[in-house]
Amino acid sequence: MFGSKKTDEEKQAAKHLGRIRTAAAAAGVTVLGGAFHQAGQAPIPVDGSTVTIELGEVARKRITATRVALTGIFALWLKKDESKLYITVEHPDGVILYPVAAKKEPQARVFATLVNGHATGITTAAE
């Protein structure tokens, strides 16, 4: 009546984005519209993104290409906080690094599974 009717695919995509948005909020990641946001950085689209998670203790032992891309040569001197969990969202348009409390690891893993599963064609049983 007041607009076009959504197709089943559009409804499923909106439902999946809603799940990602909810899981992201629980993990400490900001999703507005269809993009990841971090203060001072350009937004990254949810579609086509991949998520990796590193514990501070593991991440501290190596310097990732993502850290170098975000901080340049200063990555060599930056130390990661071992009480934190690092959620990295990568997309061809950019990279965003979210440091969150390590106690949010279960929520972060659910979030990563939703994003990566969708990006690789794996879907949840409820879809």
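Q: Which residue meets the side chain of Glu-105 in a salt bridge?
A: This is a predicted model, in which local features need a pLDDT of at least 70, side-chain atom pairs count only at pLDDT 80 or more, and totals for chains, interfaces and linings use all residues. Residues are numbered from 1 along each chain as its sequence is written, and side-chain values use heavy atoms, with hydrogens and water left out. A salt bridge is a side-chain nitrogen of Lys or Arg within 4 Å of a carboxyl oxygen of Asp or Glu, and the structure holds 1. The N to O distance is 2.9 Å, and the partner of Glu-105 is Arg-109.

Q: About how many helical turns separate Glu-105 and Arg-109?
A: Helices (H or I, at least four residues) and strands (E, at least two) are DSSP runs, numbered from the N terminus. Glu-105 and Arg-109 lie 4 residues apart in helix α4, so their separation is about one helical turn.

Q: Does Arg-109 count as buried, partly exposed or exposed?
A: Buried means under 20% relative accessible area, exposed over 50%, and partly exposed in between (1.4 Å probe, protein chains only). Glu-105, at 24% relative accessibility, is partly exposed. Arg-109 has 40%, and therefore counts as partly exposed.

Q: In what order do the elements of the chain run from the N terminus?
A: The secondary structure comes to 4 helices and 6 strands. From the N terminus on, the order is α-β-β-β-β-α-α-β-β-α.

Q: What does the side chain of Ser-49 reach at 2.5 Å?
A: Ser-49 sits in the loop between β3 (44–45) and β4. With 0% relative accessibility, Ser-49 is buried. At 2.5 Å, its side chain reaches the backbone oxygen of Pro-45.

Q: How far apart in space are Pro-45 and Glu-90, C-alpha to C-alpha?
A: Pro-45 is found in strand β3 and, at 28% relative accessibility, is partly exposed. Beyond neighbours within four places in sequence, Pro-45 is in contact with Gly-34, Ala-35, Phe-36, His-91 and Asp-93. Pro-45 and Glu-90 are 45 residues apart in sequence, and their C-alpha separation in space is 9.6 Å.

Q: Where in the chain is confidence lowest, and where is it highest?
A: Confidence is given as pLDDT, the predictor's value for each residue, from 0 to 100. The chain has a mean of 78, and 69% of its residues reach 70 or more. Over residues 119–127 the pLDDT is below 50, and this stretch has 9 contacts in the model beyond near neighbours in sequence. The lowest confidence, at a mean of 58, is in helix α3 (residues 65–71), and the highest, at 94, is in strand β2 (residues 35–37).

Key:
A polar contact is a pair of N or O atoms within 3.5 Å; within protein, one must be able to donate a hydrogen and the other to accept it, and residues adjacent in sequence count only if both atoms are side-chain atoms. Contact means heavy atoms within 4.5 Å.
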